[in-house]
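Hi everyone, thanks for coming. Let me put the sequence and the model up on the screen, and then we can walk through them together.

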Amino acid sequence: MTSRSGPSAPWIYLGLLAAQTAAALTLFWIVFPIFHGLVTHLGERQTLDLSDQVGIVASAALLHCCYWTRLKWVPVTSPFHSVFVAHLLFFASRVSFFFGGALFSAIFFRHLPELDAFPPFAQAFVKSLYVAATLFGLFCYSLELDRFGKAMEDRPPERSE
């Protein structure tokens, strides 16, 4: 898979995009109840189950693996061209990152009153890295949807014979 072109590139690209989409949907599926708990129980300490933590880490890791693999080895290819579908992809790109931003905001403002009592540095660093890696994975996914939308929006060049 060292070539950036070839007959299998469209299917590889669509497979990587499908895996990223599945990871993002899994992430939203896990995070939405956590977000709901943060918002509805303000001021209460929230805990994450180990299964939720593993799911979040696995989903973020899959987002990153698929994104960086695609970026390095697989070109963005569109199976067809449609301005309408491209606009739907642009919309999905923005919406996917809104949820990540909303979760970050809820976490930040939930813990803002506790800034006078910081946790140990190592614990704060690991938690910050955990949230940042997850948000960055969602950001990369939104970039991928933008690139796919752009490829779908652009018309292929006319062939001169």
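How many salt bridges does the structure hold? There are three, where a salt bridge is a side-chain nitrogen of Lys or Arg within 4 Å of a carboxyl oxygen of Asp or Glu. Please keep in mind that this is a predicted model, in which local features need pLDDT of at least 70 and side-chain atom pairs count only at pLDDT 80 or more, while totals for chains, interfaces and linings use all residues. Residues are numbered from 1 along each chain as its sequence is written, and side-chain values use heavy atoms, with hydrogens and water left out.

Let's start with Glu-144 and Arg-70, whose side chains meet in a salt bridge at 2.9 Å, N to O. This pair links distant parts of the chain, with Glu-144 in helix 4 and Arg-70 in helix 2, 74 residues apart. When I say helix, I mean a DSSP run of H or I with at least four residues, numbered from the N terminus. Are these two partners buried or exposed? Glu-144 is buried, because its relative accessible area is 0%, and Arg-70 is buried at 3%. Here buried means under 20% relative accessible area, exposed means over 50%, and partly exposed is in between, with a 1.4 Å probe and protein chains only.

The next bridge joins Arg-94 and Asp-146, with the closest N and O atoms 2.7 Å apart. Again the pair links distant parts of the chain: Arg-94 sits in helix 3, Asp-146 in helix 4, and 52 residues separate them. Arg-94 has 43% relative accessibility, so it counts as partly exposed.

The remaining bridge is between Asp-154 and Lys-150, with closest N and O atoms at 3.4 Å. Asp-154 is partly exposed at 35%, and so is Lys-150 at 43%.

The buried residues of helix 2 include Gly-55, Ser-59, Leu-63, Cys-66, Tyr-67 and Arg-70. What covers them? Helix 1 (9-40) and helix 4 (121-153) are among the elements that do.

Leaving aside residues up to four places away in sequence, Gln-20 touches Leu-63, Cys-66, Tyr-67, Tyr-141 and Glu-144; contact means heavy atoms within 4.5 Å.

Leu-25 is also in helix 1, but with 55% relative accessibility it counts as exposed. Leu-25 and Ser-59 are 34 residues apart in sequence, and their C-alpha atoms are 8.9 Å apart in space.

Leu-25 brings us to the second largest pocket, as one of the residues lining it, along with Leu-17, Phe-28, Leu-89 and Tyr-141, among others. Helix 1, helix 3 (83-111) and helix 4 each give two or more residues to that lining. Which helix gives the most? Helix 1 does, with five residues. Across the lining, eight residues are nonpolar (Ala, Val, Leu, Ile, Met, Phe, Trp, Tyr, Cys and Pro), two are polar and none is charged (Asp, Glu, Lys and Arg), with the others, Gly among them, counting as polar.

As for what a pocket is: on a 1 Å grid over the protein atoms alone, it is an open set of points where a 1.4 Å probe fits, with protein on both sides within 12 Å along at least five of seven lines, and lining residues have an atom within 4 Å of a point.
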